[in-house]
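Subject: Structure handover

Hello,

The sequence and structure are below for you to take over. My notes on chain B follow them.

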Amino acid sequence: MKNFLEFVASVMGVYPSTISLETKYNTIPQWDSLMQIRLVMEIEDKYNVEIPIERIPELITLGDFYEYVKGANEH
Amino acid sequence: MKIAILSNINSSLIAQKLASKYEVYQPAGYNTWVQEILDTNSELYRFAPKAILILLDGYELTKNSNSIDDGIQELNTAFTTIATVADNFLDSAIFISSLDIVQRRIMPLNKIRPERVWEWHWYNKVNSLVSEKRNIFIADIKELVERMGRDNFYSSKLWYTGSIPYSLKGFTAICKRIESLLSAWQGQRYKCLVIDLDNTLWGGVIGEEGIDGIELSNIKEGSRYRDFQLRLRELKDTGVILAISSKNNIEDVMDVFNNHPHMVLKIDDFVVIKANWQPKPKNIRDIALELNLGLNSFVFIDDNPIEQEAVRSELQDVAILDFPKDTTQLEKMLLDAYERYFLTLNATLEDSNKTRIYQEELQRKRAMSSATSIDDYIKSLNIEVFLHLIKEEEVERVAQLTHKTNQFNLTTRRYTVGDIRERMKSPNWRIYTASVCDKFGDSGLISVLMLELKGNTAMIDTFLMSCRVMNRYIEDCIISEVENSVSKEGIGFVMGEYIPTPKNVPVKDLYDRLGYALMLINEDGSKIYRISLPSYDNKRKKLAKVIWEEVQS
């Protein structure tokens, strides 16, 4: 989880300490709609997962992304 | 540098990425590039970018076209808009993307694919503009796609969620390409490539296997070295200097160059050949000294990791290519290096003659070591200096010199083609250029002196000279002639300026030597000098013949 947050922080260009799994889409200036797309693309690439377009609207917090990656890797 | 990105797709991610290096402008709103160009009051014109990237997605441009002709009309309309940018930004670089039009339409096999026709139509259109204007270049995005493959380059998901057609890989490749293009536009380029011979220029060790044993041929395995040599020769023709550093006997090396039927490179393609048993860092240092080039303009190729490490640890400024484990990738290594270190937008005449110019320079050095005194040696060169006000066809070379010249450069001010043109138009500026030739050959345009007239004073804004012709007192001749010329116009004083940099130490006392009086030393260490005209200074050495070419302005 620490690695995940560190990776997200580097994508967003923020300090890891400023984000957590509770951080929500559109509540920090760095995470706007463009960053949402970027996150999908970077996370897909980094963790070798596929996030279907149908699931993207459900990914509201970083925890949602984290759980998605964890779930996908278990299968 | 200020750059603008105009696009018919969402290019925000690219803009965001480039913003770490450049000041980036992109129009607000989606697909507003046409309005932005046509409205000369738009933010684009206020922003005044030095480079404009027009990144167009071919499918988007043609998606509503129902026939080949329809699509061609669409493309022509877009192209007319682009030609407007070219007319309105004469002094900025404009990079127009080639089109990759994904074949998404379902069609029977016996129909002509319109995508291919459109791509080719666009390519021809762009190239007609490229050949007409000096500041237009193609950003060959299609070539990137071809290399990577469409399945890797594009992402449907990002397209439908964010109007971004590219995948992460595609987006990264585009950004990398743009950065290469921009640094080529800024004139940042390495100058010399030092190459090893055994297992690099050919396969095997010449000293052991002999000329018949080494791998180098027209076909099959040996042709990987031949192809590598073909690319090296092309690289040389863009103005990169080639040199050899090899642990070998010179006789063996000459035998290959003179007698191997499949050698592409000839001995004349190299400026310096070090075939000896010295450590390579020493050889490279010697080459740098002989050519008067900084080590940070050197790139090194060697198959041996120990040699690579030796150079890496001793000469940190030298770029070392990652030699492939699989030598079928030799050519690719060089193509990547071209993009990274040597990319050229357009080669000037000086660039294509560079090897010859440096070879002549080495002959001079050898003549010098046999002369009795420096002055006698310089006189024996029979130097002629052709001095005149800048001509239109020299603008590019002059801008290039302001970027490349570091040692003999009193103020190190960098100017673009646009900056130079602006000053040419001003009645207060004089830009002089000097070309030099001597008994060994023609060095071409090697010195620039830019003056700004203020009342009865002429301020030397820029005075630079290519390091190839330094130490021949050519500057003494140039400055005297220029002083004479402005004196006739009624100028009473010339002021000179020295702004110290880590590299221009060789000219730190130039104005003192030329008889100028020190007026002021600023806090940053820069110095202001002055001389009153007409100047009578006997300390100047006039060892060259000056041919003053009056050009009507």
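**The sheet in chain B**

B:Ile3 lies opposite B:Ala51 of E3(B). Please keep in mind that this is a predicted model.

The sheet is open and has five strands in the order E2-E1-E3-E4-E5 (chain B), paired in parallel. Strand E2 (23-25) and strand E5 (136-139) form its edges; each has a single partner strand, so one side of each lacks a neighbour in the sheet. From one strand to the next, the twist averages 25 degrees.

**Strand E3 and its partners**

E3(B) covers residues 51-55. On one side, E3(B) pairs with strand E1 (residues 2-7) in the parallel sense, over five bridges. Besides the B:Ile3 and B:Ala51 pair, B:Ser7 stands opposite B:Leu55 in this pairing. E3(B) is also joined to strand E4 (residues 93-97) by four bridges, again running parallel. There, B:Leu53 faces B:Phe95 of E4(B).

How many of the residues of E3(B) are buried? Five of its five are, so the strand is mostly covered; buried here means under 20% relative accessible area. Both faces are involved: B:Ala51, B:Leu53 and B:Leu55 are buried on one side, and B:Ile52 and B:Ile54 on the other.

**Helices H5 and H6**

Helix H5 (residues 68-88) and H6(B) have axes that come within 10 Å and cross at roughly 25 degrees. Angles under 35 degrees count as roughly parallel, so H5(B) is roughly parallel to H6(B). Their crossing is right-handed.

The contact takes in, among others, B:Ile72, B:Leu75, B:Phe79 and B:Ile82 from H5(B), and B:Val117, B:Trp118, B:Trp122 and B:Leu129 from H6(B). By class, the residues of this contact divide into 14 nonpolar, three polar and one charged. B:Asn76 in H5(B) and both B:His121 and B:Lys125 in H6(B) also take part.

H6(B) packs on the sheet as well, where it touches E4 and E5 of chain B. The direction of H6(B) makes about 150 degrees with that of E5(B).

**B:Glu115**

One residue of H6(B) (residues 114-132) deserves a separate entry: B:Glu115. Is B:Glu115 buried or exposed? Its relative accessibility is 1%, so B:Glu115 counts as buried. Apart from neighbours within four places in sequence, B:Glu115 is in contact with B:Ile101, B:Val102, B:Gln103, B:Arg104 and B:Arg105.

Regards

Conventions
Residues are numbered from 1 along each chain as its sequence is written. Chains are lettered from A and ligands numbered from 1 in the order in which they are written. This is a predicted model: local features need pLDDT of at least 70, side-chain atom pairs count only at pLDDT 80 or more; totals for chains, interfaces and linings use all residues. Side-chain values use heavy atoms; hydrogens and water are left out. Helices (H or I, at least four residues) and strands (E, at least two) are DSSP runs, numbered from the N terminus. Buried means under 20% relative accessible area, exposed over 50%, partly exposed in between (1.4 Å probe, protein chains only). Contact means heavy atoms within 4.5 Å. Two strands pair if DSSP finds at least two bridges between them. Axes are lines fitted to C-alpha atoms, for helices over the stretch in contact, and angles run from 0 to 180 degrees between N-to-C directions. Angles under 35 degrees count as roughly parallel, over 145 as roughly antiparallel, 65 to 115 as roughly perpendicular and the rest as oblique. A crossing is left-handed if the near helix is turned anticlockwise from the far one by less than a right angle, and right-handed if clockwise. Ala, Val, Leu, Ile, Met, Phe, Trp, Tyr, Cys and Pro count as nonpolar, Asp, Glu, Lys and Arg as charged, and the others, Gly among them, as polar.
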